[in-house]
Amino acid sequence: MKLSIKIFFATVVVLAFLFSVAHIILLFKAKSLITANLENLTQKKVNIGILDVKFPLDLEIRNLDIKGLARIEYIYVSPSILGLLTGNIALNRVNIIRPELYLERNAPRPLSEEEALAEVAGQPAKIPKKRHLRLIFKHFSLKEGKINFLDTTAGPDGIKIAIKDLNFNIDNLYLLPRSVITNFQLKGKIPWQKDSEEGIIDVEGWLNLFKKDMRATINVKNIDGVYLHPYYANWVDLEKSRIQQAKLNFNSEITGHNNDIIADCHLELTDIVFRLKEEAEPQE
């Protein structure tokens, strides 16, 4: 009994020592390490205002700025010690508060010479294999976010969309071969012109990445249908139908089983205001 007690206390002392060393290293090196890795990942200048390390290895980051890509007011990361010991990057909790993201969709890049030759020859281009992180999120929470999205491929002048009051939650996300149910929920608002009703985005469901199963419900309401016309111009001709204003609603029930997905989608224009017919314009 006395030997087992000694072994227990020796183990506790060793673990406490290792945690203390790791805490000290993170305290002095975490800011530069995180900055360097984010710059390598995004290829953009990164600045961290304040980084604090709490026992045992929790991180608090304030005022993170990734130039041209994101500004985040507060980040809290709580890693799983047991997960790290198994060789995985396991995070018990990640909280992100008031992030602002800048996203842009551009036309596809031209093929490289190697890719073009491979396409002509009917052979897949050789792309270096990427090592995927064995990453686990037990709980991820994003609150009061904002996304500024620019799509340069839609319409002659492109389309700008802002999403505010963005809240996103996801539980049990395992990016490794393991059968786990991942639950997710996303809500946000899209402001349009002054005094007009805001658009609403509501997405919720679950998925199993290992089995490739999922169920999800998507509801999008009160969208400026005329502004987003380039996305559905193949189906609706606003000029010919003389539609001046309209709200666009979209909903979808998605079911996936073993990588086969069925999406029951419904798109509609409501609250339509027609442009008055000019005298010289023929009746149609």
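The model is predicted: local features need pLDDT of at least 70, side-chain atom pairs count only at pLDDT 80 or more, and totals for chains, interfaces and linings use all residues. Residues are numbered from 1 along each chain as its sequence is written, and side-chain values use heavy atoms, with hydrogens and water left out. The protein chain holds 4 helices and 11 strands. These are DSSP runs numbered from the N terminus, with helices (H or I) of at least four residues and strands (E) of at least two.

**Whole chain**

- Of the 284 residues in the protein chain, 30% are buried. Buried means under 20% relative accessible area, exposed means over 50%, and partly exposed lies in between (1.4 Å probe, protein chains only).
- The chain exposes about 19,900 Å², and carbon and sulfur atoms supply 59% of that area. Accessible areas come from the Shrake-Rupley method with a 1.4 Å probe; for residues, only the protein chains shown count as cover.
- Among contacts with a separation of 6 or more, 50% join residues 24 or more positions apart. A contact means heavy atoms within 4.5 Å.

**Sheet layout**

- An open sheet of 11 strands runs in the order E1-E2-E3-E4-E5-E6-E7-E8-E9-E10-E11, with mixed pairing. Two strands pair if DSSP finds at least two bridges between them.
- E1 (46-54) and E11 (260-274) stand at the edges with a single partner strand each, so one side of each has no neighbour in the sheet.
- From one strand to the next, the twist averages 10°. Axes are lines fitted to C-alpha atoms, for helices over the stretch in contact, and angles run from 0 to 180 degrees between N-to-C directions.

- Strand E3 (residues 70-79) is mostly covered, with 8 of its 10 residues buried.
- E3 runs antiparallel to E2 (residues 58-66), joined by 7 bridges. Ile66 has Ala70 in E3 as its bridge partner.
- The hairpin of E2 and E3 has 3 residues between the strands, and Gly68 in the turn has a positive phi of about 75°.
- E3 also runs antiparallel to E4 (residues 89-105), through 9 bridges. Here Ser78 stands opposite Arg93 in E4.

**Strands E5 and E6, and the aromatic residues**

- E5 (residues 135-151) and E6 (residues 159-175) are antiparallel and share 13 bridges. Leu135 is partnered by Leu175 in E6.
- Phe137, Phe140 and Phe168 form one aromatic cluster. Rings of Phe, Tyr and Trp (its six-membered ring) pair if their centres lie within 6.5 Å; planes under 30 degrees apart count as stacked, over 60 as edge-to-face and the rest as tilted.
- The count comes to 2 aromatic pairs. Phe137 and Phe140 have ring centres 5.9 Å apart and planes at 85°, so this pair is edge-to-face.
- Phe137 and Phe140 are both buried.

**Thr182 in strand E7**

- Thr182 lies in E7 (residues 182-190). Its relative accessibility is 2%, so Thr182 counts as buried.
- A polar atom of the Thr182 side chain lies 2.5 Å from the backbone oxygen of Asn172.
- Leaving out residues up to four places away in sequence, Thr182 touches residues including Ile170, Tyr174, Gly205 and Trp206.

**Strands E9 to E11**

- E9 (residues 213-224) and E10 (residues 243-257) run antiparallel with 9 bridges. Thr217 has Glu253 in E10 as its bridge partner.
- E10 and E11 run antiparallel with 13 bridges. Lys247 is partnered by Thr270 in E11.
- The hairpin of E10 and E11 has 2 residues between the strands, and Asn258 takes a positive phi near 55°.

Methods
A polar contact is a pair of N or O atoms within 3.5 Å; within protein, one must be able to donate a hydrogen and the other to accept it, and residues adjacent in sequence count only if both atoms are side-chain atoms.
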